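Subject: Handover of a structure, with notes

Dear colleague,

I am passing the structure below on to you, and my notes on what was found in it follow. Please read them with the structure open beside you.

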Amino acid sequence: MNKKIAKKRLVYVGHHFHLKTRSTQFLVEALSTRFSVTTVAVDPENLAASNLSFTRAECDVVVVLQLDFLAPIFIARGIPTVVVPMFDGSEHMPELHWQFSQQARFVSFSRHLHVKIQRAGGQSLLVKYFPEPEAYVSARKYRELSGFFWERRPDSGVDASFIAKLVGSQLDRMHIHQARDLPLPPGPNVKTLFGDTEVTTSTWFENRSELSELMARANIYFAPRLSEGIGMGFLEAMAQGMAVIAHDASTHNEYIANWSSGVLYSLHGTHELVLSTQKVAEMGEAARQCIAEGRPIWLRQIDQMLDWIDGCPEPDVGDLPADFLDTEISRAYTAGFGAYRRFLRRNIHLLKSLAPKMETVASGKGGVIDDGPALMPALRESTIAFGSAGARQYLAKGWSHDEPGFVWVDGPYATLNFSAVGDLAAARSLTIRCHAPPLPHPQRLAIVVNGAFADAIEVGSESIEHTIALPEVGLGALTEIALFAEQTCKLPGEARRLSVAVSSISFH
Amino acid sequence: MLTAGRVGRKALVCDPVCVLPYGHAMPALNHYRRLLLPRFEDVKCLASKSFSEKLAVENDFEQAFTFLYNKYIPVMGEARFNEMVKAHPAFSDAFADPYERVATADAVDILGRHEIASEDTIFMPGADFYGIVGFLNACAARPAAQRPKIFIRLIGVLEAATPFYDDPMGELCRRIRAASAAGVRLYLSAETPAYADYVNEQTGLITYLTPYPETSERLPLPETDDFNVLCAGSARLDKGFHHLLEIMQGVHANPSRRKVLLTTQTLPVKGSEAWDSYTSQLYATSGVTLLEPVISSELMHDLYRACDIVLLPYAQDVYRMRGSAVMMEAAGAGRLCLTLRGTAFSRQVEYYGLGEVVDTIRDIPDAIRKMAAMPRDRMQGRIDQARARFFLDINAAYAHWLSL
């Protein structure tokens, strides 16, 4: 008698937004081929409304999409846990964020994130999604240059004005879909930005086919965001044979070979691109071919991914405080990026149970956490370049997100923490490059090193360097640099209170 | 295979640098055990004390040498390494070369524990500074009747790996000369002709040529329409990882009839942050498959089976004297390689016809196209001819050298 083997029970915890837009439906469908899937939609702003109380007895494995911070909660309950992080959401997460989930397995759709997780000691499987190429129109009109841009996140810097700087009036036609992800004030009249290019706009589509029709008329697609988790929009454009023009970041730069199957630009210091119908046609064809070649590879990877999830081991729970993690990790996460980082650092002792395979400083064996006795990240280079992934580990309180080349202090006060390594500990002076937002009076910025007032400087709207002497004892092995600004300002459509934007700090 | 009769009682195949669970060192110990077994009553393999205990049991290796090369092969944190070395009873920071004392103590212990005598042999298949110095010191301290023969195979990797000398290679050659003059029976060989001549010049001792022995059967060329290029071995900048994007862009600029596919490993995850953007672009390039930095030997074997040629865009300065284990593995598997002129092993590639040699990276795409256009049976014939000549010479060289 044939006895049907019951499928493993898998709980899929996803962001309610993705589940609504069905942008990751392909993943649910793939999981359903092997597992009995129960979906839980989570709104990070209202976690209490989601039913996340399931236990090991109720599920065999949990897959957490994008909401990485939830993983330790399930690990503490002894549930095999697989995390599918998204680059655009988790790019700036500190090493501890990944180490708290070290007993989970990861599935990465971004190579950049994949190696970041591995660098933190996590186990990650790298996969690359490709949409179905046949589902899209491949014939393109190449006699003219016709662009499509969905202005989703103008606050990121990728807005119609920026696109106009990129292409000037080279295009014959340009369509701008002005449906923004956030309620932001309207920008300039886009019809005047592109010279004699024929510009059309839209704000709403009754159904998706209208969007598809518009895209089908274009042969250049401007990616709407600085980075992507997977990037369904630009991948569909590539599948349709469009030349995609996108910011040089993951996942754009993991699909687009620059000036071969699309164009990558840097938001900082970009100049006008020179496009021709022939080059656009070649890039569009290469893009379509990239998707066509990649699709069978992705289909083969699905099984590998399912095996990886299926084989996820049961975590070693030890003496983990499951109830504590249940409430506190979510509270810390929703309290903000800085609050979450501080929560992780304050609870680093939990790594003994959450990441039992990691060596800790306390064991005296060196190992993954080499940050020194106060768990401060080690600073080996003489310059901290703000706005880069490498600098983020040193930014403690009061900092906003990374922007190309600088980071704003959000509010009047911010701190940096690090342990200076080698000769740096004896540094005698500091050079800070910074600028201020438009303010009625010049900004005054006080710099305090290890609790001792070092100097106060005047900061204008132009980014310039200021060098100050450090206290006699130098930086020392453990350093906290605090910045106190006299004024803050709130720009229209801006939730932050900006005081000073720091580009770099060097020690001599 | 070596067919000469037994020449010794006991042989210790020693590699103090065999510490990683992957790479060439572990299989090399096994290969040389097989090579020496017909010639000795007993052959034992000795690896680093930091080698995996599980793998040591599986491979029947003895964990014998304190690992002194963490700066070059960082297998543990610096603090842990210092703690381990300082815990050695022979370590004392007061000496000019504190590691030498550790290495010598290890060698004395090994010779004593294995009751090594004059009819025995120490064989070092990939010799390192402290392995050599340790055994030379230990032998010099013994009466002549208890001194084994020492066969040292120099591969140009860790012979100069010491922080305590201004001219480490000069120091090593001076030690070798002195030990030989003092009656220690030393037999030298090197992996490439250029290196053998250099060592001879520095030591005054005849230095033979012993490339890596034949280790795998010839694999048939794949019957695929695509042309598969394998950039095999760990990805490193001195192995030309940073040239692969330019090479593939050159290939795509003028496509050949057979679509060219490139498979390569990626740089070690830690310490390669500056290459993330470059690697992303390589990942985005059509026809490129990126593998993890560390892969299993089974997968490596499958990759040799699946490829048409092996690409070795190695740095000419770094490999001026050095051989390439991958080139020799490729010859064993029956694959032609493509490399740059100026490396020591490129002379072997040219002399035996083991592949194509070009002058610059810019010449590589065109060479790939030419190799992709070569009829399969012609390529197979060329491989068979080159392989036969290469391994006949290698087998003869080992047979002669080990009979000394």
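Domain bounds, as used in these notes, come from an automatic or database domain assignment. On that basis chain B is divided into domain 1 (8-210) and domain 2 (227-390).

Some conventions come first. This is a predicted model, in which local features need pLDDT of at least 70 and side-chain atom pairs count only at pLDDT 80 or more, while totals for chains, interfaces and linings use all residues. Residues are numbered from 1 along each chain as its sequence is written, and chains are lettered from A and ligands numbered from 1 in the order in which they are written.

**Chain A as a whole**

The secondary structure of chain A comes to 14 helices and 23 strands, where helices (H or I, at least four residues) and strands (E, at least two) are DSSP runs numbered from the N terminus. With a radius of gyration of 25 Å, close to the 23 Å that the globule rule gives for 508 residues, chain A is as compact as a globular protein of that length; the radius is taken over C-alpha atoms, and the rule is 2.2 Å times the number of residues to the power 0.38. The C-alpha trace of chain A spans about 75 × 70 × 40 Å along its principal axes. Of the 508 residues in chain A, 43% are buried, a residue being called buried if 20 or more other C-beta atoms, placed from the backbone, lie within 10 Å of its own, exposed if 12 or fewer do, and partly exposed in between.

As for confidence, pLDDT is the predictor's confidence in each residue, from 0 to 100. The mean pLDDT of chain A is 86, and 92% of its residues reach 70 or more. Over residues 359-374 of chain A, however, the pLDDT is below 50, although this stretch has 34 contacts in the model beyond near neighbours in sequence; two residues are in contact if their C-beta atoms, placed from the backbone, lie within 7 Å. Where pLDDT is low, the predicted coordinates should not be read in detail.

**Domains and a sheet of chain A**

The domain assignment of chain A gives domain 1 (8-126 + 314-354), domain 2 (133-292) and domain 3 (371-507). The centres of domain 1 and domain 2 of chain A, taken over C-alpha atoms, are separated by 33 Å, and twelve residues of domain 1 are in contact with nine residues of domain 2. On the domain 1 side, α4 (87-90) and α6 (111-119) of chain A are the elements that give two or more residues.

Chain A also has an open sheet of five strands with mixed pairing, in the order β13-β17-β22-β19-β20. Its edges are β13 (378-379) and β20 (452-459) of chain A, each with a single partner strand, so one side of each is left without a neighbour in the sheet. Strand β19 (residues 443-449) of chain A runs antiparallel to β20(A) and is joined to it by seven bridges, two strands being paired if DSSP finds at least two bridges between them. Within this pair, A:Ala446 has A:Ala456 as its bridge partner.

**Chain B**

In chain B, 31 Å separate the centres of domain 1 and domain 2, taken over C-alpha atoms. Twelve residues of domain 1 of chain B are in contact with twelve residues of domain 2 of chain B, and on the domain 1 side the largest share, four residues, comes from helix α7 (residues 193-203) of chain B.

Strand β8 (residues 227-231) of chain B is largely enclosed by the rest of the structure, because five of its five residues are buried. B:Phe227, B:Val229 and B:Cys231 lie on one side of β8(B), with B:Asn228 and B:Leu230 on the other. β8(B) pairs in the parallel sense with strand β9 (residues 260-265) of chain B over five bridges, and B:Cys231 has B:Thr264 as its bridge partner there.

The buried residues of helix α12 (residues 344-352) of chain B, among them B:Phe345 and B:Val349, pack against α7, α11 (325-333), β12 (336-340) and β13 (355-358) of chain B. Just after α12(B), B:Gly353 takes a positive phi of about 75°.

**Where the chains meet**

Between the chains, 16 residues of chain B are in contact with 21 residues of chain A. On the chain B side, α3 (78-86) and α9 (276-284) each supply at least two residues, and the largest share, six residues, comes from α9(B).

With best regards
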